[in-house]
Amino acid sequence: MSEQDERHPDDIQQHLREVQELLARHKVVEDLVHRQDMPRHELVENLVHKQHVAELQGKLDALHPADIAYVLEALPLGDRLFVWDLVKAERDGDILLEVSDAVRESLIETMDPHELKAAAETLDADELADLAPDLPPEVMLDVFQSLDSEEREQLRAAMSFPEDSVGALMDFDMVTVREDVTLEVVLRYLRRFDELPDHTDKLFVIDREDHLKGILTLESLLINDPEMVVGEVMHKENVISFEPEDEADDAAQAFERYDLVSAPVVDAEKRVVGRLTVADVVDYIREESEHEILSHAGLREEEDIFASVWDSVRNRWAWLAINLVTAFIASRVIGAFEGSIEKLVALAALMPIVAGIGGNSGNQTITMIVRAIAMGQVEPSAMQRLMRKEMGVAVVNGLVWGGLLGLLSWALYGSASLGMVMTAAMTLNLLLASCAGVLIPMVRLRVGADPALGSSVLITALTDSGGFFIFLGLATLFLL
């Protein structure tokens, strides 16, 4: 068995390394050939080029679209576009769906309208709805006109729902059956399919008006007597379904809670209009997690790591500007106590500790609150109860760790008063951090803003300025 056969199919890092090695070898050999002055130079160069392109193309043809997307995201722009040109045209649509928004933009910019139209036409209506915001309007118009009436209606429906709703995630590729037919009829019906829709673990049982009557699991279909009627073996009670307007977060939690693989999506009259699958939910959870991580750092959107300098600056400048203002405020707080620091140099060495521990504690609190909000476990009305709990945690941590730092300060500088000031400042700054850690996300939630956006930047600013002011203020009052 060859090394290629033995390799685990999910070894994406190995795939990336192989593509990078092929690209590097291609550049080196072509450069050497280009420098040589020999007869029939152009012919040799053309043969070498075709050999390496064929080898690289063979590698790409063997990869899953998601793996190719990963490889494209990890390559600098020049190599990325070279590899993108080698991908078979019929796979363009699937790969564009898999890559990040930032990388997708860089790929679409290089494609002609007819290439974009061809790529879009390979996608289902729900997939096309995901890609539509990134496509030029004239391309979308051409694609829309090429669809049949049913696909147009599905596309219109998918694009009419907010991004964070079930309707935006659902797909329309599903299998439905009637309750008055036998299991044998259902089996014969399924055998007519070339393949079942992905993640089909159940069939949706409907009436003539498409109302949901129950679900028929594949297990029930296979283990029961083929002569039995669907209505006798289908599940009617506790069928979990969603409506297109439902929050995607709530659906994701339901999938996790009940270990769902797929679930029907029904309208207000209980007619089946689509389905939600675990693949859609996993993609949504991953995107939300990435968004939350970026929001904590004050980044507005996902960034291509090989993007131009200007694109990266545009994505990062807003919260850096805010950070600059807050840092300036912190510096002015320190400046207001220059006289105290000159008289007691130990203050300069100790004050970063107070600010740093406060920032860390505040980030712990804000992370827990944002996570609870995302899980739907916290309502705005719980603010006071959360505040009391976090303040209790802050007092205990402040007295324990502040007391320890106070003892160390006493031992280092021989001043019991300095140790007491250190303990008090630590406790007060942790209290400030706990209050801010609850207030920042809860207030943003109440006003309808993203609770995670810039939270790390804001909490660090408050605990830095507050910590400096508390520590230096107490030291000025009680030590000088």
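At 66% relative accessibility, Asp259 counts as exposed, a class for residues over 50% relative accessible area, with buried under 20% and partly exposed in between (1.4 Å probe, protein chains only). This is a predicted model, in which local features need pLDDT of at least 70 and side-chain atom pairs count only at pLDDT 80 or more, while totals for chains, interfaces and linings use all residues. Residues are numbered from 1 along each chain as its sequence is written, and side-chain values use heavy atoms, with hydrogens and water left out.

Most residues other than glycine have a negative phi.

| Residue | Phi | Loop |
|---|---|---|
| Lys270 | about 65° | between S4 and strand S5 (272-277) |

Helices (H or I, at least four residues) and strands (E, at least two) are DSSP runs, numbered from the N terminus. Lys270 is partly exposed, at a relative accessible area of 42%.

The search of the whole structure gives one cavity of 30 Å³ or more. A cavity is a set of points on a 1 Å grid over the protein atoms alone where a 1.4 Å probe fits but cannot get out, and its lining residues have an atom within 4 Å of a point. Grid points are joined across faces, edges and corners, and the volume is the space filled by probe spheres set on the points. The largest cavity holds about 40 Å³. Its lining includes Asp173, Lys202, Phe204, Ser262 and Arg275. Strand S2 (residues 202-206) supplies the largest share, three residues.

Methods: 1 Å grid on protein atoms, 1.4 Å probe; cavity = no way out; pocket = protein on both sides within 12 Å on 5 of 7 lines; lining within 4 Å.
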